[in-house]
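Subject: Model handover

Hi,

Here is the model we talked about. My notes on it follow below.

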Amino acid sequence: MDTEMLTRDAYGKALIELGKNNENIIVLDSDLSLSTRTAWFGREFPDRFFNFGIAEANMVSAAAGLASCGKIVFASSFAMFATGRAYNQFRTVVAYPKLNVKLVASHGGLSVGEDGPTHQCIEDLAIMRVLPHTTVVVPADAIETEVAIRACVEHMGPLYMRLGRPAVPLIYGKGYAWRETPLNFRIGESVTLMDGEDVAIMATGLMVSKALTAADMLLKDGIKASVINVHTIKPLDERVITRAARESGAVVTAEEHTILGGLGSAIAEVLIESYPVPMIKVGINDSFCESGSPEKLLIKYGLTASNIVSATKKVVKRKK
Amino acid sequence: MTTKAGSGHPGGSLSAADIIAALYFHHMRYDPKNSKWEDRDRFVLSKGHACPSLYAALAKAGFFPEETLWTLRKLGSILDGHPDMTKTPGIDASTGNLGIGLSFGLGIALAGRLDRKKYRVYVMLGDGELNEGQVWEAAMAASHFKIDNLTAIVDNNGMQLDGFTRDIMSLEPLAEKWSAFGWHVLEIDGHNMKEILDALDAADKIKSKPPVIIAHTIKGKGVSFMENQVYYHGKPVSEESLERALTELSAENLR
């Protein structure tokens, strides 16, 4: 996990590859294409790229119009604007009529860093996953981003994908392999990265690599944790999540998101009906944050491997 | 329809009715047997609350039986309170949250241009709806992208839910606003069939810039006690007054 890469770079590259073979792919941006990397597609396929200026509501609604004519539309901005500025539009003309728009947002979460709390989007997963017909995906690294974007093209219907700003450690090997074993990325499934009978750590996005580190640290204390990468927040892999809860008897969730309404809440909603076990959610504790380097922010707001370790020790003690 | 439904927006439906009739019976190309025909002209009713007029036109055009009209707003009907493109044959866009339709139409227009299709998109906006900032985002973008396969039509009835537009949020100078955003502006009497049809034909011929028809209309048009009455924005005519309203409307038809 030494190499780090930008998930948005993987997005930009994947779009170009996909664009070569599929003329139906249209890409839209709202004046952030250099940051979201959709500009790369724009350079390659200028006829199929539209920059809408700083007007997210218009962009998302026009994406819906294009999709109504059979286009596969990727629309990008920062997470805060993609979801916050165009929420009603995505809800009403994308989600409700089930149109084939992929809203792929970079700069999700706290790791936006120095731009501060106005730009840090820590609530996008909550607000997008409550929308009917809507799929919500958060890749854990650049390699998973590439396969997730490919899967998007095959997936009909409204989808929100959150990417980040900073480089994050590569978890997977080339071609989406985990410890030499090639995997298939399937929207709606999760990936069990480690097995362990004492507790299940379920993480998404950049917290997945921290969960893996935490699991290694816990092993030294004799706690065997499974680690599950929940790359699809909706629909949630209920089968695997319930099985992991049943087999381990305790769950820790980890997300770069407010603890209200995101991954932890989604998993709690499932387990409360299927197999309730002691559970702790690692995430941002219902607050706006502040400016700072991503690394320092993640420490201050409790999103590190050590935070996962202490939550895990606590939850294991509560096991019946 | 709205009287039977017990709710709905008759005032803005009547102001839009002549234009919708012109589009569906004298101007647009579509196939009621194949409502998703790729080459059809599209109509986006951005002021989705005026859908009773659109539903009536679609039924008359043969997209679904006229009896269906009496199920408007009822549980299980294909005719919701606002248009649903997944449920109702002939509806090209789900609308009703104001300010979105012009952007949606812009997307259709871009797709048509990319696919070298000959179809045209017609987007009807309310004048009150022009309060929404997104309309102007779309207006700016349509002229930036040199869209000329889309015609916007403003149903300029001068009223919105809370009162006269001039009192709630002034729009004037409206023609100048559109023109400043790069649009070719046509102004007509939105209840004069010849003027409507001439403007639609003229708009089709504008090249490299989007045309907008500002249609001066009367809210509640054709029913003396409804005309220019804000009361009828979101309330149907009572059972007692219905016959009088319908008689006046049929007399209007004969004129």
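A:R129 sits in helix α7 (residues 124–129) of chain A and A:E269 in helix α11 of chain A, so the pair ties together parts 140 residues apart in sequence. Helices (H or I, at least four residues) and strands (E, at least two) are DSSP runs, numbered from the N terminus.

Before you read on: this is a predicted model, in which local features need pLDDT of at least 70 and side-chain atom pairs count only at pLDDT 80 or more, while totals for chains, interfaces and linings use all residues. Residues are numbered from 1 along each chain as its sequence is written, chains are lettered from A and ligands numbered from 1 in the order in which they are written, and side-chain values use heavy atoms, leaving out hydrogens and water.

Next, the interface. Chain B puts 23 residues into the contact and chain A 26 residues (contact: heavy atoms within 4.5 Å). About 2,000 Å² is buried between the two chains, and carbon and sulfur atoms give 66% of that. Buried area is the accessible area (1.4 Å probe) that two parts lose on being put together, summed over both. One salt bridge crosses this interface. Its partners are B:D115 and A:K71, with the closest N and O atoms 2.5 Å apart. On the chain B side, α4 (101–114) and α5 (133–144) are the elements that give two or more residues. α4(B) gives the most, with eight residues.

Now a sheet in chain A. Five strands form an open, mixed sheet in the order β11-β13-β12-β15-β16 (strands pair if DSSP finds at least two bridges between them). β11 (191–194) and β16 (279–284) of chain A are at the edges with a single partner strand each, so one side of each has no neighbour in the sheet. Neighbouring strands are turned by 25 degrees on average, direction ignored. Strands β12 (residues 199–203) and β13 (residues 225–229) of chain A run parallel over five bridges. A:I201 has A:V227 in β13(A) as its bridge partner.

Two helices go with the sheet. Helix α9 (residues 207–220) of chain A lies across β11, β12, β13, β15 (251–258) and β16 of chain A, at about 170 degrees to β13(A). Helix α11 (residues 263–274) of chain A touches β12, β15 and β16 of chain A, at about 140 degrees to β15(A). Axes are lines fitted to C-alpha atoms, for helices over the stretch in contact, and angles run from 0 to 180 degrees between N-to-C directions.

Best wishes

Definitions and conventions:
Salt bridge = Lys/Arg side-chain N within 4 Å of Asp/Glu carboxyl O.
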